[in-house]
Amino acid sequence: MSILATIKDHSGRIYRGIQALLVLSIGASALGAFDISRNLSSASAFTVSSLATGLALLALMYMRSSVVHRLRSAAAAEAEKHHVLTRDAMTGAMTRRYFLEALRDSLGTMRERREATLLLIDVDHFKQLNDTFGHQFGDLALAHLVKTSERIFAGGMVGRLGGDEFGVIIPHGDLVAINKDIRQLLDVMRAGKSYEGKTIPLSVSVGVALAPVHASNTTELMLVADLALYESKAAGRGRVTVFDEEMLSDKRYRRLVERELRAAVYLGELELHYQPIVNPDGSTYAFEGLIRWRHPVRGLISPAEFIPIAERSTLIDMLGEWVFKRACADISHFPGRRISINVSGEQLKRDEIVTMCDRVLKETGRSAAQFIIEITETVATAATPEILRRLEALRGLGFHIALDDFGTGHCGFNYLKTLPIDSIKIDRSYISSLAHDQVAQIFVSALAQIARIQDVTIVAEGVETQEEFALAQAAGCNRFQGYFLGRPAPRDQVASSRAIDTEPMALSA
């Protein structure tokens, strides 16, 4: 029984007891009335009894009013407390705890399973929305999503599970109807939200899981719906994905690679191979450090296989630190040269990249000027103000920043004005086309001219023939990298094959 119900029950008993006493008092007064004519003291007793009864009635009325007022206040306070505990203050959606309780109830019991569908909805690029339009618009966008979801999924329950992640419980498993409603949600969000006189389009990704078909308890259903949501985001965002059993096998494989890769860091199975970056005269300017995983059973594993898996967790931070520490240890084998290392866009999403680099430099006694940090064009085009701030901080420590794979995405020449970079590496697709593609020739020449004005170095990647080497020089490239000039190799093999070098270079851009 709740506290409120206890108060009501207790007050009711007191109230009924007072009524009984008043009835007795009134009865006594009535009996005393028969003796008024014969005895004056009886008249006085009757008067006193009547006055006492009247006062008791007034006190009872006051008590009743007071109890009613307090009960109403208690009921209002309890309702407000319930609302705070069960509803998100900003969006009006259920809180995570209350939503999970509702989901558990929706799935039924072990003996009697019920059909239900769980949707997990995530706002795409929400951080960029906040950075671009402000947190006030971000809050409005989330509230808009909740209100739209409650309208479209009538009869469903909407909850806020995290910052920009929401859940919807639908009390049936009709996928045709559910998919139709989700499409409507995607269309409404794309239509945008009005803010300060303009309409800003929004995008959401959705993962769908059915109970009891895909899972029969809350934890498992949340897990499989999250896997479906991840597939939606990985496939380009702004779409819906229904869970499939194959996703579980992919997840198991990713977990296996994560565990083995984490062990590889401690067991010394990782290697850093070095590929030369040369000047026009063939002398070595720097080496790019490329991570390799020598698995005891599967042999040498390509980074293209394990880096994307590492990027899905903070394991990428561990790998990044290992690479930088190895480069710091190996730099003494390449006197007068720099080492270039690749930094993942996931690492740049956290301030730890700056603190880690600063800490390792102090631990090893190395100078940041001895290293180049490479970021991909994809990272540059999606760079938030926070990422740019971290790049500036790394540059402030003394690192040179290189923009890798330029020309593969949507990074236009205007980016070169704002990005804190010292060199640009042109993607090999342009270098290999220089002999026969006029567009590639114009692109490389124009980039070289802009870079000269901006005091930025141009590196031609993927140089595989003498002809490509000559054409890239003619187009205005300053430095060169590719199999024609040297393949990636372990440190000791690289050191013994540097016969083409003339004399150590000064550390200048």
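Predicted model: local features only at pLDDT ≥ 70, side-chain atom pairs only at ≥ 80, totals over all residues.
Leaving aside residues up to four places away in sequence, T384 touches Q128 and D131.

**Aromatic pairs**

The count of aromatic pairs in the model comes to 11. Among them is the pair formed by Y274 and F334, which is edge-to-face, with a distance of 5.1 Å centre to centre and an angle of 65° between the planes. This pair links distant parts of the chain, since Y274 belongs to strand β8 (residues 270–278) while F334 lies in the loop between α10 (315–330) and β11 (338–342), the two residues being 60 apart. Y274 has a relative accessibility of 0% and so counts as buried, and F334, at 4% relative accessibility, counts as buried as well.

Elsewhere among the aromatic residues, ring pairs join F133, F137 and Y195 into a cluster.

**Arginine charges over tyrosine rings**

Two arginine–tyrosine arrangements can be described here, R479 with Y285 and R487 with Y483. In the former, the charged end of R479 sits over the ring of Y285, at 3.6 Å from the centre of that ring. In the latter, the charged end of R487 is placed over the ring of Y483, and the distance to the ring centre is 4.0 Å.

Technical notes
Residues numbered from 1 in each chain as written. Heavy atoms only, no water. Contact = heavy atoms within 4.5 Å. Phe/Tyr/Trp six-rings, centres within 6.5 Å; stacked < 30°, edge-to-face > 60°. Helix = DSSP H or I, 4+ residues; strand = E, 2+ residues; numbered from the N terminus. Buried < 20%, exposed > 50% of the residue type's maximum accessible area, 1.4 Å probe, protein only. Lys NZ or Arg CZ within 6 Å of the ring centre and 35° of its normal.
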